Amino acid sequence: MTQSYRIEEGGRIDRTKSLSFTFNGESYQGYEGDTLASALLANGVHLVARSFKYHRPRGIMSAGTEEPNAMVQLRTGDRTEPNPKATQIELFNGLVATSVNCWPSVNFDVQAINGVFHRFFAAGFYYKTMFGSPWLWHNVLEPAIQRAAGWGVAPKDPDPDYYDHIHRHCDVLVVGAGPSGLQAALAAAKTGARVVIADEQQEFGGYLLNVNRTVDGKAGSDWAAEVAAELDAMDNVIVLKRTTVFGYFDHNYLIGLERRLDHTSEASSPDNVRQRVWHFRAKRVVLATGAHERPLVFADNDRPGVMLASGAQTYANRFGVLAGKKPVVFTNNDGAYEAALDMKAAGAEIVAIVDTRKNPTGAFVEQARAAGIRIMDGYGVVTTNGKKKVTGVEVMAFDGKDVSGSKISLSCDLLMVSGGWSPVVHLFSQSQGKLRYDDEKAGFVPALYAQKCASVGGANGEFGLGSCLSGGDAAGAEAAQVAGFGDGSSAGAPASEETDAGLPTAAWLIPTDSPVGRSKKKHFIDFQNDSTAADIRLAAREGFESVEHMKRYTLTGFGTDQGKTGNINGLAILSEAVGRSIPETGTTTFRPPYTPVTFGALAGRELGDLSDPVRTTSIHSWHVKNGAEFEDVGQWKRPWYFPKGGEDIHAATNRECLAVRNGVGVLDASTLGKIDIQGPDAAEFINRVYTNAWLKLGVGRCRYGVMCGEDGMIFDDGVTTRLGENHFHMTTTSGGAARVLDWLEEYHQTEWPELKVYFTSVTEQWATVSVGGPKARAVMEALAPGQDWSTENFPFMSVQDREVAGVAARVFRISFTGELGYEINVPTRYGLAMWEAVMEAGKPHGITPYGTEAMHVLRAEKGYIIAGQDTDGTITPQDAGMSWIVSPNKKDYIGKRSYTREDTSRTDRKHLVGLVTEDPKVVLDEGAQVIEDPNAPKPIPMLGHVTSSYWSAALGHSIALATCKNGFNREGDRLYAWSRGQYHAVKVTGQVFYDKEGARKDG
């Protein structure tokens, strides 16, 4: 097919570079600079999609990011991408795209039958018509809806492309490169401030690329190109084209997506990524995001060929394409007159301009009259004709609320509509800024700022070119001054023609000659989600009067559209239905992302093996060399056991445990979570997060602590040491380090910001070699001859700085095995050297490396818990037999109030107890259910479950820890555990199985 709708000359396309592409299996031609949408229109393709619910024919409605209809499936195979908008896809040679949400084709869609049954598909239809029969819903209707729902097809194979993340601090971030954004960036950059300017299009200039305006005596597009080049040449400016800033978060943190290769057929590589996610931290933000033209609401306003006036104007001026050769223009403001004039200049025959206003005046109106264009003022389009494309419209007299008189038929192939302009306030709203409704502009504009930002141009409701330039200039200079550059003044904005486009006269709903919702004709509000005016009125009648409730009931403003075109129309119709003003009704919440973002971009390089990074200690190479088997613990590769001579895990673990009990063992404990805590209020903070007392802990002393949630349940545990008056070293479980640090930061920032305390993760800065067993002291004496390692000089639960094997070390006298133990902490780079020195010093004593499995057995023999294994979010310290660690005298700590709750303080809760099997050789399954009587009627009441279970080589029988209802009062009772397919008799014991007196910790 030839490009029959291509204008012979003009536009910003390169007519010397022809491109071939395929849409729905048909081959077409376009030019470099086209979008897929402009190329399709140039080839006379207007039907490109089907609607979400009714599968009605849909065409291209706009020329930009606000497009609600023209979503396609782009590319094929493992690079296929569902739902990019044809208006944002830059054409490249070999592009392949297909329509989505239609079968077998966009021209004939079987599901269009939904339109016949439209009465059954009104808002909330699935609640009302499909829950009568649970069987029918679960087996027939729900599966059918699931198959019909959604857009596009996600690829099944791994994404072959590469993506990056980059972080950038700047003084001023300008979002949007229209006239106000360009001028703001230039004014800020000239002060020397570090400026980033980002825009979603491939060229800077915004709407100056789409209209015929002059700036500084030259074409607006030429002025924009010169300013963009000037900014690009500045060392203090980063210019980002094809970059959509899609999220605005706290503390001026914004995220943008840069599309680096999407406009080409080029394959990505690690050095040439497809997309890049930018993370910005800005001292000041200038939002120059522009405005979206909104449609008018009338019957059958969704047919292909119904297009925003600015969209048709853009296709004519920027892409050299006539979206229609005989358009009708329907408007309530002067801006559409300019679009009509541009279309006429491009060769279109304007059938008429239908204006809801009586006797409109203004420069564009007068130019239209002078050009001989028919103006039907005080009229409204009440419906469209045609099936898969508009062939005509019906017009009736309109007084702003009702229609009257007879219908007038107008033949056309394009209906250009304009209901005014809505400032793009999505990012402003995400920043937690508050909006106000402006009656003059008939839209919401920024009012109360929550962060250090400014809105300019169309985003601030300033629609005149002169005001956009001057507002941007002032905002850029002020932003730089706030960031510490310049005095707030600038050279001034360039001169421009200031043609007043006029303000709209609100016309929210143009009725037909039959009541809205009573005929097959539909007045669409949200084109992407098939939400209609009748749906909104129905929601109001059924009690969904809150704007957020209406949104969810009707889907208005949902999905990728996020209310770009339909939001204000929907709010106005809801306001009328509930009898409130638009400001009283309010607006919905605009959520990130502003436009869809690929999962690949969000993941970046964190995929495949990097999706869950493998962490290893500095001693890892020794473990590998010496045959260790590993287990994954919170991303860490930890030695599980060290088999010798064909040993299985059981034999190796038994040998390792006996070595620690009878001689000396060594454990790589580098993975232990470590948090450095400093500040004058460090002790007070720690006192509030642990259940026991910490204020009087002496310098150089260690203390075990339990951290609980607000519900009083054990959250994590570990040993914390006071290194100085205002300096503490906290340890956590290996898998809980990040979670605990987040917990501390959260409480500091949200609950106790007045406390002066600072937290730093130092887990990876220290390597820890744990030496334990009756001969541990002998090993330390060999490592550091001449030093006194006696209990009197180095007591249990203390820390000392020592030189060990010639390395400055921080040594802790603590033990997780119950044996005499020393934990040698050295900077990570010395970890392997220290480990090898310990192994050498321990040779005469038969030193044995042991892994996590032996560690678990050793600690269980002593009744030491592992948070997250022996606790499950329902265990308090008292339940775990640790009432001694809960201070009765402390004023407050996290979880204290929960211990006065009736449920938490009852005596028959599940308690952590010990279990020994009557058959000493049976090792119970962890998770095995504990019951009282296996012969009880089913379902048999469960008392608890086994949390830890091992064979104890030191004791010669199995041991287990378990939760058990009223367990503390059942010691000595005979119970049963279901394990390995049968019941096993067990006896309830205390938690400590080995060295109950605790004498072995001192050697």
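Author: The turns below take up cysteines, a helix and a hairpin. Please note that this is a predicted model.

Reader: How many disulfides does the structure hold?

Author: In general, a disulfide is a covalent bond between the sulfur atoms of two cysteines. In this structure there are zero disulfides.

Reader: Are C102 and C657 buried or exposed?

Author: A residue is called buried when its relative accessible area is under 20%. C102 has 19% relative accessibility and therefore counts as buried. C657, at 3%, also counts as buried.

Reader: How should I read helix α6, and how many of its residues are buried?

Author: An α-helix has 3.6 residues a turn, so residues three or four places apart point the same way. In helix α6, which spans residues 309-319, eleven of the eleven residues are buried, so the helix is largely enclosed by the rest of the structure. Among these buried residues are A309, Q313, Y315, R318 and F319.

Reader: What covers the buried residues of α6, and what follows the helix?

Author: The cover includes the helices α1 (36-42) and α7 (335-345), together with the strands β16 (291-293), β17 (306-308), β24 (414-418) and β25 (421-423). After α6 comes G320, which has a positive phi near 65°.

Reader: In which sense do strands β31 and β32 pair?

Author: Strand β31 (residues 629-633) pairs with strand β32 (residues 636-641) in the antiparallel sense, over five bridges. Within this pairing, W636 of β32 lies opposite V633. The hairpin has two residues between its strands, and G634 there adopts a positive phi near 55°.

How values were computed: Residues are numbered from 1 along each chain as its sequence is written. This is a predicted model: local features need pLDDT of at least 70, side-chain atom pairs count only at pLDDT 80 or more; totals for chains, interfaces and linings use all residues. Side-chain values use heavy atoms; hydrogens and water are left out. A disulfide is a pair of cysteine sulfur atoms within 2.5 Å. Buried means under 20% relative accessible area, exposed over 50%, partly exposed in between (1.4 Å probe, protein chains only). Two strands pair if DSSP finds at least two bridges between them. Helices (H or I, at least four residues) and strands (E, at least two) are DSSP runs, numbered from the N terminus. Contact means heavy atoms within 4.5 Å.
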